[in-house]
Amino acid sequence: MYQMTNDEDKKSTRNKYIPEIIEGDMDSIRPEVKLFYSSQGSKISDKSHNQETTDLHKCISRIHHRTPDHEKPNLCVLVTGALGGRFDHEAANINVLYLFSDMRIVLLSDDCLIRLLPRTHRHELYIESSVEGPHCGLFPVGAPSTSTTTTGLKWNLSESKMRFGSMISTSNIVQSEKVTVESDADLLWTISLRNLT
């Protein structure tokens, strides 16, 4: 969190951003961190009895259940630290995007973001070129795509077929402030993030 703020030091960041709740199976939280946040008023929700889902799944599920249906499409959940570790954890985090496809969830790492583009509608992605791009990619998740069309990319797709074991769109380049994507399959969109330090 400290790296994402302009705070003077880590301690001021920690004191400034106090979560309402910390939820998960508590297997990776250090005791002193748990004690600090509980003493600051954060509720600790120990879900260690449920080993069927990941901590991220538990947290997104809480948000999903507490958000009225008509507000879910307007909600954007940013998940930091979701990428760059063990691949099985990354795959589980991507699975959360798919499971909660009625919400916009963005997985962030130090160098890219990933979000799901559900097949339910045409997507218009507005690129913040000061922080995003130029490298991007699209690939189907859940099922192959028999028709994907894009605009705003160096190598646009035109009713293209994509599936694992065949063609997927990687190492593409954003060339416009607006990228459009239309597909008959759910797609993962990924775009590089510029190093701002």
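This is a short tour of one predicted protein chain, stop by stop.

**Ground rules**

Residues are numbered from 1 along each chain as its sequence is written, and side-chain values use heavy atoms, with hydrogens and water left out. The model is predicted: local features need pLDDT of at least 70, side-chain atom pairs count only at pLDDT 80 or more, and totals for chains, interfaces and linings use all residues.

**Stop 1: the whole chain**

Select the protein chain. It has four helices and twelve strands. Both are DSSP runs, numbered from the N terminus: helices are H or I with at least four residues, strands are E with at least two. Along the principal axes, the C-alpha atoms fill a box of roughly 55 × 40 × 35 Å.

Colour by accessibility next. Of the 197 residues, 40% count as buried. Buried means under 20% relative accessible area, exposed means over 50%, and partly exposed lies in between (1.4 Å probe, protein chains only). The chain exposes about 12,300 Å², and carbon and sulfur atoms supply 50% of that area. Accessible areas come from the Shrake-Rupley method with a 1.4 Å probe; for residues, only the protein chains shown count as cover.

Now the contacts, meaning heavy atoms within 4.5 Å. Take those with a separation of 6 or more: residues 24 or more positions apart account for 61% of them.

**Stop 2: helices H3 and H4**

Select residues 55–66 for H3 and 87–99 for H4. Two packed helices are described by the angle between their axes and the distance between the axes. Here the axes come within 9 Å and cross at roughly 25 degrees. Axes are lines fitted to C-alpha atoms, for helices over the stretch in contact, and angles run from 0 to 180 degrees between N-to-C directions. H3 and H4 are therefore roughly parallel to each other. The cut-offs: under 35 degrees is roughly parallel, over 145 roughly antiparallel, 65 to 115 roughly perpendicular, and the rest oblique.

The crossing of H3 and H4 is right-handed. Show side chains for the contact: Leu56, His57 and Ile60 from H3, and Asn93, Val96 and Leu99 from H4. By class, this contact has four nonpolar, two polar and no charged residues. Ala, Val, Leu, Ile, Met, Phe, Trp, Tyr, Cys and Pro count as nonpolar; Asp, Glu, Lys and Arg as charged; the others, Gly among them, as polar.

**Stop 3**

Go to strand E7, residues 132–140, and pick Pro134. A cis peptide bond joins Gly133 and Pro134, with omega about 10 degrees.

Step to Val141, in the loop between E7 and E8. What does Val141 touch, not counting residues up to four places away in sequence? Tyr98, Leu116, Asp186, Leu187 and Leu188. Val141 and Leu187 are 46 residues apart along the chain, yet their C-alpha atoms are separated by 5.6 Å.

Gly142 is in the loop between E7 and E8. Is Gly142 buried or exposed? Gly142 is exposed, with a relative accessible area of 65%. Draw a C-alpha to C-alpha line from Gly142 to Asn195: 53 residues apart in sequence, 32 Å apart in space.

**Stop 4: two positive phi values**

Select Glu159, in the loop between strand E8 (145–151) and strand E9 (160–162). Glu159 is not a glycine, but its phi is positive, about 50 degrees. Glu159 counts as exposed, at 60% relative accessibility.

Finish at Ser171, in strand E10 (residues 169–173). Ser171 is also a residue other than glycine with a positive phi, near 55 degrees. At 56% relative accessibility, Ser171 counts as exposed.

Note on methods. A crossing is left-handed if the near helix is turned anticlockwise from the far one by less than a right angle, and right-handed if clockwise.
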